[in-house]
Amino acid sequence: MSFVVDLPAYAGPLDLLLSLIRDEKVDIYDIPIAHVAKQFLLRIRVLQLNDAAEYLELAARLLRIKAQMLLPRHGEAETWEDPRAELVRRLLEYQQMREVVDILERRGDDRRNRFARAYFPEASGESVAAPLSLSLGELLTAVDRILRVTKEPTVHTVVARTLDVAGAIAIVRDVIMARRTARWSDLVARDAAPWQILSMLLALLELAKLGELRLAQPRPFASVEIQHDSPGEAA
Amino acid sequence: MIPLVKLLEAALFASPRPIPVEELSVLAPEASPAEIASALDTLREHYDVDGHGVELAELGGGWQILTRAEYTEAIERAQLAARPQRLSAAALETLAIIAYRQPIGRTEVEEIRGVAVGSILKSLQERALIDVVGRAEGLGRPMLYGTTSLFLEQFALRHLEELPRADELAIALRPTPQPL
(Lines give C-alpha, C1' and ligand atoms only; values in the text may rest on other atoms or scores of the structure.)
Protein backbone atom coordinates (compact mmCIF):
# COMPACT_ATOMS: atom_id res chain seq x y z
CA MET A 1 0.00 0.00 0.00
CA SER A 2 1.07 3.57 -0.55
CA PHE A 3 2.56 5.52 2.28
CA VAL A 4 0.04 8.11 3.44
CA VAL A 5 1.43 11.18 5.13
CA ASP A 6 -1.22 12.85 7.18
CA LEU A 7 -0.62 16.58 7.44
CA PRO A 8 -3.20 18.52 9.33
CA ALA A 9 -2.21 21.87 7.92
CA TYR A 10 -1.13 21.28 4.33
CA ALA A 11 -2.79 19.24 1.64
CA GLY A 12 0.49 18.97 -0.26
CA PRO A 13 3.70 20.76 -1.21
CA LEU A 14 1.90 23.26 -3.46
CA ASP A 15 -0.42 24.14 -0.60
CA LEU A 16 2.59 24.76 1.61
CA LEU A 17 4.31 26.85 -1.05
CA LEU A 18 1.17 28.85 -1.71
CA SER A 19 0.63 29.67 1.94
CA LEU A 20 4.30 30.60 2.18
CA ILE A 21 3.90 33.04 -0.70
CA ARG A 22 0.82 34.47 0.99
CA ASP A 23 2.54 34.76 4.37
CA GLU A 24 5.61 36.39 2.89
CA LYS A 25 3.40 38.72 0.84
CA VAL A 26 5.40 38.20 -2.31
CA ASP A 27 4.14 38.72 -5.84
CA ILE A 28 3.26 35.36 -7.32
CA TYR A 29 4.45 36.59 -10.75
CA ASP A 30 7.77 37.71 -9.36
CA ILE A 31 8.75 35.20 -6.73
CA PRO A 32 12.07 35.94 -5.04
CA ILE A 33 13.05 32.34 -5.58
CA ALA A 34 16.15 32.25 -3.35
CA HIS A 35 14.24 33.60 -0.40
CA VAL A 36 11.19 31.39 -0.95
CA ALA A 37 13.30 28.26 -1.45
CA LYS A 38 15.07 28.96 1.82
CA GLN A 39 11.79 29.47 3.67
CA PHE A 40 10.31 26.35 2.11
CA LEU A 41 13.22 24.20 3.29
CA LEU A 42 12.96 25.79 6.72
CA ARG A 43 9.29 24.95 6.97
CA ILE A 44 9.59 21.36 5.87
CA ARG A 45 12.30 20.93 8.50
CA VAL A 46 10.07 22.45 11.19
CA LEU A 47 7.16 20.31 10.09
CA GLN A 48 9.48 17.28 9.94
CA LEU A 49 8.37 16.52 6.44
CA ASN A 50 11.87 15.49 5.48
CA ASP A 51 10.74 12.04 4.53
CA ALA A 52 7.75 13.11 2.46
CA ALA A 53 9.08 12.70 -1.05
CA GLU A 54 6.63 15.10 -2.64
CA TYR A 55 7.77 18.00 -0.48
CA LEU A 56 11.39 17.20 -1.20
CA GLU A 57 10.67 17.03 -4.91
CA LEU A 58 9.25 20.53 -4.91
CA ALA A 59 12.15 21.72 -2.75
CA ALA A 60 14.56 20.33 -5.35
CA ARG A 61 12.59 22.04 -8.11
CA LEU A 62 12.84 25.36 -6.29
CA LEU A 63 16.59 24.97 -5.95
CA ARG A 64 16.89 24.13 -9.61
CA ILE A 65 14.95 27.26 -10.58
CA LYS A 66 17.18 29.25 -8.26
CA ALA A 67 20.27 27.84 -10.03
CA GLN A 68 18.79 28.63 -13.44
CA MET A 69 18.17 32.21 -12.33
CA LEU A 70 21.80 32.56 -11.43
CA LEU A 71 23.06 31.46 -14.83
CA PRO A 72 24.24 34.32 -17.02
CA ARG A 73 21.75 35.11 -19.77
CA HIS A 74 22.90 34.90 -23.30
CA GLY A 75 21.35 36.51 -26.31
CA GLU A 76 18.22 38.54 -26.59
CA ALA A 77 16.12 39.39 -23.58
CA GLU A 78 13.07 38.50 -25.69
CA THR A 79 14.00 34.84 -26.08
CA TRP A 80 14.86 34.38 -22.42
CA GLU A 81 12.26 32.30 -20.67
CA ASP A 82 11.69 32.85 -17.00
CA PRO A 83 12.51 29.54 -15.28
CA ARG A 84 9.78 30.38 -12.76
CA ALA A 85 7.03 30.48 -15.38
CA GLU A 86 6.14 26.80 -15.09
CA LEU A 87 5.98 27.04 -11.31
CA VAL A 88 3.77 30.11 -11.46
CA ARG A 89 1.44 28.35 -13.85
CA ARG A 90 1.16 25.38 -11.51
CA LEU A 91 0.61 27.59 -8.47
CA LEU A 92 -2.17 29.52 -10.18
CA GLU A 93 -3.79 26.33 -11.33
CA TYR A 94 -3.58 24.98 -7.81
CA GLN A 95 -4.96 28.16 -6.31
CA GLN A 96 -7.88 28.04 -8.72
CA MET A 97 -8.57 24.49 -7.66
CA ARG A 98 -8.52 25.55 -4.00
CA GLU A 99 -11.20 28.03 -4.80
CA VAL A 100 -13.33 25.26 -6.26
CA VAL A 101 -12.69 23.26 -3.08
CA ASP A 102 -14.16 26.11 -1.06
CA ILE A 103 -17.25 26.09 -3.27
CA LEU A 104 -17.61 22.32 -3.00
CA GLU A 105 -17.16 22.48 0.74
CA ARG A 106 -19.96 25.03 1.03
CA ARG A 107 -22.30 23.10 -1.23
CA GLY A 108 -21.44 19.82 0.47
CA ASP A 109 -22.29 21.27 3.88
CA ASP A 110 -25.51 22.64 2.45
CA ARG A 111 -26.54 19.15 1.39
CA ARG A 112 -25.18 17.41 4.50
CA ASN A 113 -27.37 19.64 6.61
CA ARG A 114 -30.53 18.37 5.01
CA PHE A 115 -31.70 14.80 5.30
CA ALA A 116 -33.40 12.94 2.52
CA ARG A 117 -36.08 10.47 3.39
CA ALA A 118 -34.59 7.09 4.27
CA TYR A 119 -31.04 8.29 4.23
CA PHE A 120 -28.70 5.36 4.44
CA PRO A 121 -25.11 6.07 5.38
CA GLU A 122 -22.94 5.07 2.38
CA ALA A 123 -23.85 1.64 1.16
CA SER A 124 -21.16 -0.59 2.60
CA GLY A 125 -21.13 -2.76 -0.50
CA GLU A 126 -22.04 -5.83 1.47
CA SER A 127 -24.68 -7.79 -0.35
CA VAL A 128 -27.78 -8.40 1.63
CA ALA A 129 -28.81 -12.06 1.72
CA ALA A 130 -31.58 -12.76 -0.75
CA PRO A 131 -34.96 -13.60 0.75
CA LEU A 132 -35.35 -17.30 1.43
CA SER A 133 -37.43 -19.16 -1.10
CA LEU A 134 -38.61 -22.48 0.29
CA SER A 135 -41.85 -24.41 -0.01
CA LEU A 136 -43.58 -25.91 2.99
CA GLY A 137 -43.01 -29.42 1.60
CA GLU A 138 -39.24 -28.81 1.35
CA LEU A 139 -39.15 -27.50 4.89
CA LEU A 140 -41.02 -30.51 6.27
CA THR A 141 -38.80 -32.95 4.36
CA ALA A 142 -35.75 -31.28 5.88
CA VAL A 143 -37.21 -31.50 9.37
CA ASP A 144 -38.09 -35.16 8.82
CA ARG A 145 -34.56 -35.92 7.63
CA ILE A 146 -33.02 -34.27 10.66
CA LEU A 147 -35.33 -36.09 13.06
CA ARG A 148 -34.47 -39.45 11.50
CA VAL A 149 -30.73 -38.84 11.62
CA THR A 150 -30.70 -37.62 15.21
CA LYS A 151 -30.05 -40.30 17.84
CA GLU A 152 -31.91 -40.58 21.08
CA PRO A 153 -30.41 -38.11 23.49
CA THR A 154 -28.25 -39.67 26.20
CA VAL A 155 -29.71 -38.95 29.61
CA HIS A 156 -27.41 -38.96 32.59
CA THR A 157 -28.87 -39.61 35.98
CA VAL A 158 -27.13 -37.70 38.70
CA VAL A 159 -27.54 -39.10 42.19
CA ALA A 160 -26.96 -36.62 44.95
CA ARG A 161 -24.74 -38.01 47.71
CA THR A 162 -25.60 -36.42 50.99
CA LEU A 163 -22.85 -35.28 53.28
CA ASP A 164 -22.82 -36.44 56.88
CA VAL A 165 -21.66 -33.30 58.65
CA ALA A 166 -23.34 -34.24 61.94
CA GLY A 167 -21.53 -37.59 61.99
CA ALA A 168 -18.22 -35.91 61.24
CA ILE A 169 -18.79 -33.41 64.05
CA ALA A 170 -19.31 -36.31 66.44
CA ILE A 171 -16.04 -37.91 65.29
CA VAL A 172 -14.10 -34.65 65.74
CA ARG A 173 -15.54 -34.06 69.18
CA ASP A 174 -14.60 -37.57 70.29
CA VAL A 175 -11.06 -37.26 68.96
CA ILE A 176 -10.24 -33.87 70.45
CA MET A 177 -11.85 -34.74 73.75
CA ALA A 178 -9.43 -37.57 74.03
CA ARG A 179 -6.29 -36.04 72.52
CA ARG A 180 -6.59 -32.21 72.92
CA THR A 181 -4.76 -31.80 69.59
CA ALA A 182 -5.15 -33.62 66.36
CA ARG A 183 -4.10 -33.49 62.75
CA TRP A 184 -6.14 -33.76 59.61
CA SER A 185 -4.70 -37.20 58.96
CA ASP A 186 -5.99 -38.36 62.36
CA LEU A 187 -9.53 -37.49 61.37
CA VAL A 188 -9.75 -38.68 57.78
CA ALA A 189 -8.75 -42.11 56.66
CA ARG A 190 -6.33 -42.36 53.80
CA ASP A 191 -8.90 -44.09 51.61
CA ALA A 192 -11.76 -41.76 52.52
CA ALA A 193 -14.40 -41.09 49.89
CA PRO A 194 -14.88 -37.54 48.67
CA TRP A 195 -18.12 -37.19 50.63
CA GLN A 196 -16.31 -38.12 53.82
CA ILE A 197 -13.54 -35.59 53.21
CA LEU A 198 -16.06 -32.86 52.48
CA SER A 199 -18.13 -33.75 55.53
CA MET A 200 -15.05 -33.54 57.69
CA LEU A 201 -13.97 -30.19 56.26
CA LEU A 202 -17.40 -28.69 56.89
CA ALA A 203 -17.49 -30.21 60.39
CA LEU A 204 -14.13 -28.64 61.28
CA LEU A 205 -15.16 -25.23 59.95
CA GLU A 206 -18.47 -25.46 61.81
CA LEU A 207 -16.78 -26.36 65.12
CA ALA A 208 -14.19 -23.62 64.67
CA LYS A 209 -17.03 -21.17 64.16
CA LEU A 210 -18.71 -22.42 67.33
CA GLY A 211 -15.44 -21.91 69.20
CA GLU A 212 -14.95 -25.54 70.17
CA LEU A 213 -11.62 -25.81 68.43
CA ARG A 214 -8.90 -23.76 66.83
CA LEU A 215 -7.37 -24.42 63.44
CA ALA A 216 -3.78 -23.46 62.80
CA GLN A 217 -1.42 -23.95 59.92
CA PRO A 218 2.13 -22.88 60.78
CA ARG A 219 3.16 -22.41 57.14
CA PRO A 220 1.58 -22.87 53.74
CA PHE A 221 0.84 -26.49 52.82
CA ALA A 222 1.83 -27.71 56.28
CA SER A 223 -0.48 -30.09 58.06
CA VAL A 224 -3.38 -28.34 59.77
CA GLU A 225 -3.30 -28.55 63.57
CA ILE A 226 -6.58 -28.85 65.38
CA GLN A 227 -6.67 -27.83 69.01
CA HIS A 228 -9.36 -28.18 71.58
CA ASP A 229 -10.51 -24.70 72.52
CA SER A 230 -13.31 -24.93 75.01
CA PRO A 231 -14.19 -21.44 76.32
CA GLY A 232 -14.77 -22.84 79.76
CA GLU A 233 -11.30 -24.26 79.99
CA ALA A 234 -9.57 -21.24 78.53
CA ALA A 235 -10.63 -19.09 81.46
CA MET B 1 -53.66 20.50 -4.48
CA ILE B 2 -54.47 19.08 -7.88
CA PRO B 3 -54.03 15.27 -8.31
CA LEU B 4 -50.81 15.63 -10.34
CA VAL B 5 -49.13 17.54 -7.52
CA LYS B 6 -50.19 14.90 -5.01
CA LEU B 7 -48.95 12.11 -7.27
CA LEU B 8 -45.55 13.78 -7.61
CA GLU B 9 -45.39 14.37 -3.88
CA ALA B 10 -46.10 10.69 -3.18
CA ALA B 11 -43.43 9.56 -5.65
CA LEU B 12 -40.86 11.99 -4.27
CA PHE B 13 -41.66 10.82 -0.76
CA ALA B 14 -41.23 7.17 -1.74
CA SER B 15 -37.85 7.61 -3.42
CA PRO B 16 -34.62 7.81 -1.43
CA ARG B 17 -32.83 9.38 -4.42
CA PRO B 18 -33.60 12.49 -6.48
CA ILE B 19 -36.02 11.70 -9.29
CA PRO B 20 -35.13 13.11 -12.73
CA VAL B 21 -37.91 14.94 -14.54
CA GLU B 22 -38.01 12.25 -17.26
CA GLU B 23 -38.89 9.67 -14.62
CA LEU B 24 -41.54 11.93 -13.20
CA SER B 25 -43.17 12.13 -16.61
CA VAL B 26 -43.21 8.32 -16.83
CA LEU B 27 -45.23 8.50 -13.65
CA ALA B 28 -47.82 10.74 -15.29
CA PRO B 29 -47.66 10.01 -19.04
CA GLU B 30 -50.66 12.20 -19.84
CA ALA B 31 -49.09 15.29 -18.29
CA SER B 32 -46.99 17.58 -20.48
CA PRO B 33 -43.48 18.60 -19.35
CA ALA B 34 -44.84 22.08 -18.69
CA GLU B 35 -47.56 20.68 -16.47
CA ILE B 36 -45.03 18.65 -14.50
CA ALA B 37 -42.75 21.66 -14.13
CA SER B 38 -45.63 23.76 -12.86
CA ALA B 39 -46.76 20.95 -10.52
CA LEU B 40 -43.25 20.82 -9.06
CA ASP B 41 -43.35 24.58 -8.61
CA THR B 42 -46.70 24.30 -6.85
CA LEU B 43 -45.34 21.64 -4.50
CA ARG B 44 -42.22 23.66 -3.71
CA GLU B 45 -44.30 26.72 -3.01
CA HIS B 46 -46.66 24.69 -0.90
CA TYR B 47 -43.74 23.60 1.30
CA ASP B 48 -42.17 27.04 1.41
CA VAL B 49 -45.22 29.22 1.85
CA ASP B 50 -47.32 27.07 4.16
CA GLY B 51 -44.33 26.40 6.36
CA HIS B 52 -43.28 22.75 6.32
CA GLY B 53 -40.38 20.92 7.96
CA VAL B 54 -39.34 19.66 4.54
CA GLU B 55 -38.55 21.37 1.27
CA LEU B 56 -38.36 20.39 -2.37
CA ALA B 57 -34.83 20.62 -3.72
CA GLU B 58 -33.50 20.28 -7.25
CA LEU B 59 -30.15 18.55 -7.22
CA GLY B 60 -28.20 15.67 -8.73
CA GLY B 61 -30.19 15.91 -11.95
CA GLY B 62 -33.53 15.48 -10.24
CA TRP B 63 -35.95 16.48 -7.53
CA GLN B 64 -35.90 15.39 -3.92
CA ILE B 65 -37.72 16.13 -0.68
CA LEU B 66 -35.24 17.14 2.01
CA THR B 67 -35.62 18.15 5.63
CA ARG B 68 -34.95 21.80 6.35
CA ALA B 69 -31.45 22.58 7.62
CA GLU B 70 -32.68 24.17 10.83
CA TYR B 71 -33.88 20.80 12.16
CA THR B 72 -30.70 18.88 11.38
CA GLU B 73 -29.13 19.41 14.81
CA ALA B 74 -32.20 18.18 16.64
CA ILE B 75 -32.64 15.14 14.40
CA GLU B 76 -29.01 14.22 14.81
CA ARG B 77 -29.08 14.74 18.57
CA ALA B 78 -32.00 12.34 18.81
CA GLN B 79 -29.94 9.88 16.71
CA LEU B 80 -32.68 9.49 14.14
CA ALA B 81 -30.31 10.17 11.28
CA ALA B 82 -26.65 11.06 10.98
CA ARG B 83 -24.93 13.45 8.63
CA PRO B 84 -22.44 11.72 6.32
CA GLN B 85 -18.79 12.33 7.07
CA ARG B 86 -17.08 15.34 5.52
CA LEU B 87 -14.51 14.55 2.85
CA SER B 88 -10.88 15.27 3.68
CA ALA B 89 -9.18 18.29 2.13
CA ALA B 90 -7.11 15.97 -0.06
CA ALA B 91 -10.22 14.16 -1.30
CA LEU B 92 -12.00 17.45 -1.99
CA GLU B 93 -9.02 18.78 -3.98
CA THR B 94 -8.96 15.62 -6.05
CA LEU B 95 -12.70 15.79 -6.59
CA ALA B 96 -12.51 19.46 -7.60
CA ILE B 97 -9.89 18.71 -10.23
CA ILE B 98 -11.88 15.81 -11.63
CA ALA B 99 -15.08 17.87 -11.70
CA TYR B 100 -13.41 20.54 -13.84
CA ARG B 101 -11.12 18.48 -16.01
CA GLN B 102 -13.10 15.32 -16.61
CA PRO B 103 -12.37 12.96 -18.21
CA ILE B 104 -8.96 13.05 -16.55
CA GLY B 105 -6.27 10.49 -15.75
CA ARG B 106 -4.46 9.91 -12.48
CA THR B 107 -1.15 11.43 -13.57
CA GLU B 108 -2.77 14.72 -14.57
CA VAL B 109 -4.53 14.97 -11.22
CA GLU B 110 -1.21 14.31 -9.50
CA GLU B 111 0.48 16.97 -11.58
CA ILE B 112 -1.98 19.60 -10.42
CA ARG B 113 -2.08 18.52 -6.78
CA GLY B 114 1.64 17.78 -6.53
CA VAL B 115 1.01 14.58 -4.58
CA ALA B 116 0.14 10.96 -5.30
CA VAL B 117 -3.63 10.37 -5.44
CA GLY B 118 -3.95 6.63 -6.09
CA SER B 119 -5.57 5.73 -2.78
CA ILE B 120 -7.79 8.82 -2.82
CA LEU B 121 -9.12 7.93 -6.26
CA LYS B 122 -9.90 4.48 -4.97
CA SER B 123 -11.83 5.73 -1.96
CA LEU B 124 -13.72 8.32 -4.04
CA GLN B 125 -14.66 5.55 -6.41
CA GLU B 126 -15.79 3.38 -3.50
CA ARG B 127 -17.99 6.22 -2.32
CA ALA B 128 -19.40 6.35 -5.86
CA LEU B 129 -18.48 10.04 -6.23
CA ILE B 130 -16.29 9.33 -9.27
CA ASP B 131 -16.14 6.53 -11.77
CA VAL B 132 -14.00 5.35 -14.65
CA VAL B 133 -15.50 6.96 -17.74
CA GLY B 134 -13.03 5.78 -20.34
CA ARG B 135 -9.43 5.12 -21.21
CA ALA B 136 -6.86 7.49 -22.64
CA GLU B 137 -5.16 6.75 -25.94
CA GLY B 138 -1.62 6.94 -24.55
CA LEU B 139 0.79 4.31 -23.29
CA GLY B 140 -0.91 1.68 -21.14
CA ARG B 141 -4.29 3.23 -21.95
CA PRO B 142 -4.65 4.80 -18.48
CA MET B 143 -8.11 5.04 -16.95
CA LEU B 144 -9.96 8.32 -17.12
CA TYR B 145 -12.18 9.46 -14.28
CA GLY B 146 -15.32 11.56 -14.14
CA THR B 147 -17.83 12.58 -11.51
CA THR B 148 -21.10 10.71 -10.93
CA SER B 149 -24.67 11.82 -10.30
CA LEU B 150 -24.13 11.05 -6.62
CA PHE B 151 -21.42 13.72 -6.68
CA LEU B 152 -23.96 16.27 -7.89
CA GLU B 153 -26.41 15.06 -5.29
CA GLN B 154 -23.99 15.23 -2.37
CA PHE B 155 -22.81 18.68 -3.34
CA ALA B 156 -26.30 20.01 -3.90
CA LEU B 157 -25.63 20.71 -7.58
CA ARG B 158 -28.29 20.54 -10.24
CA HIS B 159 -25.71 19.84 -12.93
CA LEU B 160 -22.00 20.37 -13.51
CA GLU B 161 -22.58 23.71 -15.23
CA GLU B 162 -23.69 25.08 -11.90
CA LEU B 163 -20.06 25.18 -10.81
CA PRO B 164 -18.47 28.50 -11.79
CA ARG B 165 -16.55 28.38 -15.05
CA ALA B 166 -12.78 28.37 -14.60
CA ASP B 167 -12.53 31.91 -15.97
CA GLU B 168 -15.15 33.12 -13.50
CA LEU B 169 -13.10 32.12 -10.50
CA ALA B 170 -12.03 35.13 -8.54
CA ILE B 171 -8.26 34.97 -8.90
CA ALA B 172 -6.80 37.89 -10.73
CA LEU B 173 -5.16 36.00 -13.55
CA ARG B 174 -2.76 37.93 -15.65
CA PRO B 175 -2.79 36.61 -19.20
CA THR B 176 0.89 35.60 -19.12
CA PRO B 177 3.57 35.81 -16.46
CA GLN B 178 5.56 38.99 -16.94
CA PRO B 179 9.18 38.43 -17.92
CA LEU B 180 11.70 40.17 -15.71
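A residue is called buried if 20 or more other C-beta atoms lie within 10 Å of its own, exposed if 12 or fewer, and partly exposed in between, with C-beta atoms placed from the backbone. The model shown is predicted, so local features need pLDDT of at least 70 and side-chain atom pairs count only at pLDDT 80 or more, while totals for chains, interfaces and linings use all residues. Residues are numbered from 1 along each chain as its sequence is written, and chains are lettered from A and ligands numbered from 1 in the order in which they are written.

**View 1. Chain A as a whole.** Of the 235 residues in chain A, 19% are buried. The chain has nine helices and three strands, where helices (H or I, at least four residues) and strands (E, at least two) are DSSP runs numbered from the N terminus. Their order from the N terminus is α-α-α-α-α-α-β-α-α-β-β-α. Two residues are in contact if their C-beta atoms, placed from the backbone, lie within 7 Å. Among contacts in chain A with a separation of 6 or more, 53% join residues 24 or more positions apart.

**View 2. Helix H4 of chain A.** H4(A) covers residues 85–112, and its 28 residues should span 40 Å at 1.5 Å a residue; the end C-alpha atoms are 40 Å apart, which agrees. The expected span is 1.5 Å times one less than the number of residues. Buried positions in H4(A) are A:Leu87, A:Tyr94, A:Gln96, A:Met97, A:Val100, A:Val101, A:Leu104, A:Gly108 and A:Arg111. Within chain A, the buried residues of H4(A) pack against helix H1 (13–23) and helix H3 (53–70). In chain B they pack against strand S1 (54–59), helix H5 (89–101), helix H6 (106–113) and helix H8 (149–154).

**View 3. H1 against H4 in chain A.** The axes of H1(A) and H4(A) come within 10 Å and cross at roughly 95°. Axes are lines fitted to C-alpha atoms, for helices over the stretch in contact, and angles run from 0 to 180 degrees between N-to-C directions. H1(A) is therefore roughly perpendicular to H4(A), since angles of 65 to 115 degrees count as roughly perpendicular, under 35 as roughly parallel, over 145 as roughly antiparallel and the rest as oblique. A:Leu14, A:Leu17 and A:Leu18 of H1(A) meet A:Arg90, A:Leu91, A:Tyr94 and A:Gln95 of H4(A). Five residues of this contact are nonpolar, one is polar and one charged. Ala, Val, Leu, Ile, Met, Phe, Trp, Tyr, Cys and Pro count as nonpolar, Asp, Glu, Lys and Arg as charged, and the others, Gly among them, as polar.

**View 4. The side of chain A that touches chain B.** In this interface, 39 residues of chain A are in contact with 47 residues of chain B. H1, H3 and H4 of chain A are the elements that give two or more residues to the chain A side. The largest share, 19 residues, comes from H4(A). This side divides into 21 nonpolar, six polar and 12 charged residues.

**View 5. H5 against H6 in chain B.** The axes of H5(B) and H6(B) come within 10 Å and cross at roughly 120°, which makes H5(B) oblique to H6(B). B:Glu93, B:Thr94, B:Ile97, B:Ile98 and B:Arg101 of H5(B) make the contact with B:Glu108, B:Val109, B:Ile112 and B:Arg113 of H6(B). The residues of this contact are four nonpolar, one polar and four charged.

**View 6. B:Ile130 and its surroundings.** B:Ile130 lies in strand S4 (residues 130–135) of chain B. With 25 C-beta neighbours inside 10 Å, B:Ile130 counts as buried. Leaving out residues up to four places away in sequence, B:Ile130 touches B:Ile98, B:Leu124, B:Gln125, B:Tyr145, B:Gly146, B:Thr147, B:Thr148 and B:Phe151.
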